[in-house]
Amino acid sequence: KFTNADQSSDHYGAIQYCKERGMRLPTIRELYDFCNAGAQKDAQGYSANPVCAGKSYWSISVLSSNTRRALYVDGAYRTFGHDFRDQGHSVRCIEP
């Protein structure tokens, strides 16, 4: 079960935020599947889940080739990417 996205943080803060609530950041696969569930086409032809639309969310997944970067899901375009871990993205925690 995912929490609401009520927090924005860098990757380190996102990990701590979830941990303090007895939860964890989702893997990139869990988050991608969550944001793609119930997706619908919008006026521009993109298929977005209204729950994830308009925000990008940190996952726990870190690039193996550059551990200063972590993966996130862009809920607006249903894609994923990577960013420096000190950058801000929204946070959704998942129960362990």
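The model is predicted. One disulfide is counted in it, by distance between sulfur atoms. Strand 5 and strand 6 run antiparallel.

**Helix 2 and its cover**

- Helix 2 spans residues 28-36.
- Its buried residues are Ile28, Leu31, Cys35 and Asn36.
- An α-helix has 3.6 residues a turn, so residues three or four places apart point the same way.

- Strand 5 and strand 6 are antiparallel and joined by six bridges.
- Leu71 stands opposite His82, which is in strand 6.
- The two strands form a hairpin, with four residues between them.
- Arg78 sits in the turn and has a positive phi of about 55 degrees.

**The disulfide**

- Cys18 is joined to Cys93, with an S to S distance of 2.1 Å.
- The angle about the S-S bond is -90 degrees, and the link is left-handed.
- What does this link tie together? Cys18 lies in helix 1 (residues 11-20), while Cys93 lies in the segment after strand 7 (89-91). The pair therefore ties together parts that are 75 residues apart in sequence.
- Is Cys18 buried or exposed? Cys18 has a relative accessible area of 0%, so it is buried.
- Cys93 also counts as buried, because its relative accessibility is 0%.

**His11 in helix 1**

- His11 belongs to helix 1.
- His11 counts as buried because its relative accessibility is 0%.
- Beyond its neighbours within four places in sequence, His11 is in contact with Leu25, Trp58, Ser59, Ile60, Val62, Ala70, Arg85 and Gln87.

**Ser9 in strand 1**

- Ser9 is part of strand 1 (residues 7-9).
- Why does Ser9 count as buried? Its relative accessibility is 14%, and buried means under 20%.
- Leaving out residues up to four places away in sequence, Ser9 touches Ala14, Trp58, Gln87, Gly88, His89 and Val91.
- Trp58 and Gln87 are among the contacts of Ser9, and they are also among the contacts of His11.

How values were computed:
Residues are numbered from 1 along each chain as its sequence is written. This is a predicted model: local features need pLDDT of at least 70, side-chain atom pairs count only at pLDDT 80 or more; totals for chains, interfaces and linings use all residues. Side-chain values use heavy atoms; hydrogens and water are left out. Buried means under 20% relative accessible area, exposed over 50%, partly exposed in between (1.4 Å probe, protein chains only). Contact means heavy atoms within 4.5 Å. A disulfide is a pair of cysteine sulfur atoms within 2.5 Å. Two strands pair if DSSP finds at least two bridges between them.
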